[in-house]
Amino acid sequence: MTALLTHFWRLCTFRSGPEQSPYSPPLLAVVLAVWFALQLVVASLQTALPLAVLLASQLLTMTVVLAGCRLLLTFKALQSRWWQAALSLVGVDIMLTLASLPLLLINLGASERLPLIDGIYLLLVSWQLAAHGFIYHRSLNVSPFLGLGIALMLLIVSYAAVVMLLPQVLRGGA
C-alpha cells in the first residue's frame, strides 16, 4: 500500500507517469472503493447539501473523467492504456483530496469561511488539473499543453453534467 501511495504522490509531483502504474483491473476497483469512502468522509464534512447529492455529484464527475479518458484513448487507438490512466487519475484525486481534508476541517471549525483557506483549496484544484493534464499528456502521447486542455475540457464537461443532472448543487440544496 505504501508503494502505491508513493506512486500516486510521484504522479502528483510529475515525477512518475501513468505508464508506471500497475495494469490491474482489481486494483482499480479497490482504489475506486477507497476514493468513494474518502468522498463519503468529505461529503459528511460539508453540510450545505444532502449527503446523497454530494456523493452523486462526485460520482458523476468521476464517471465523466474516466469515460472521457476512455473515449480519447479509443480515438487514438490506445485503449490498452486505460486501466493505468484511470488508476493514475483516481490515485491523484485521492492524494489531493487527502491534502484538502485539513482545509475542510479548518473551515468547518471556523465561524465563517476563511479566504486564505479557500485560496489554498483553489490552488489544490489547480494542482489536480495540472496533474490530470500530465496524465493525459503521457497516456495520449500529446503535448503537455494539449494534455492540460483535455483536463480542463473534462473538468468543464463534468461540472456541466453535474449542473444539468443535479441542479440543486447550484441552489445549495434549497
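Student: How far does helix H3 reach from its first C-alpha to its last?
Tutor: Helices here are DSSP runs of H or I with at least four residues, numbered from the N terminus. H3 spans residues 51-75, giving 25 residues. The expected span is 1.5 Å times one less than the number of residues, and H3 comes close to its expected 36 Å, with a reach of 36 Å.

Student: What pLDDT do local features need in this model?
Tutor: Residues are numbered from 1 along each chain as its sequence is written, and side-chain values use heavy atoms, leaving out hydrogens and water. This is a predicted model, where totals for chains, interfaces and linings use all residues, side-chain atom pairs count only at pLDDT 80 or more, and local features need pLDDT of at least 70.

Student: Which helix supplies the largest share of the lining of the largest pocket?
Tutor: A pocket is an open set of points on a 1 Å grid over the protein atoms alone, where a 1.4 Å probe fits, with protein on both sides within 12 Å along at least five of seven lines; lining residues have an atom within 4 Å of a point. The largest pocket holds about 1300 Å³, a volume filled by probe spheres set on the points. Of its 44 lining residues, the closest to the centre are Val42, Gln46, Gln58, Tyr121 and Tyr159. Helices H2, H3, H4, H5, H6 and H7 each supply at least two lining residues, and the largest share, 9 residues, comes from H5.

Student: Is His7 buried or exposed?
Tutor: His7 lies in helix H1 and touches Ser16, Gly17, Gln20 and Ser21, leaving aside residues up to four places away in sequence; contact means heavy atoms within 4.5 Å. Buried means under 20% relative accessible area, exposed over 50% and partly exposed in between, with a 1.4 Å probe and protein chains only. Because its relative accessible area is 11%, His7 is buried.

Student: How far apart in space are Val34 and Gly91, C-alpha to C-alpha?
Tutor: Val34 lies in helix H2 and is partly exposed, at 38% relative accessible area. Gly91 is 57 residues away from Val34 in sequence, and the C-alpha to C-alpha distance is 9.5 Å.
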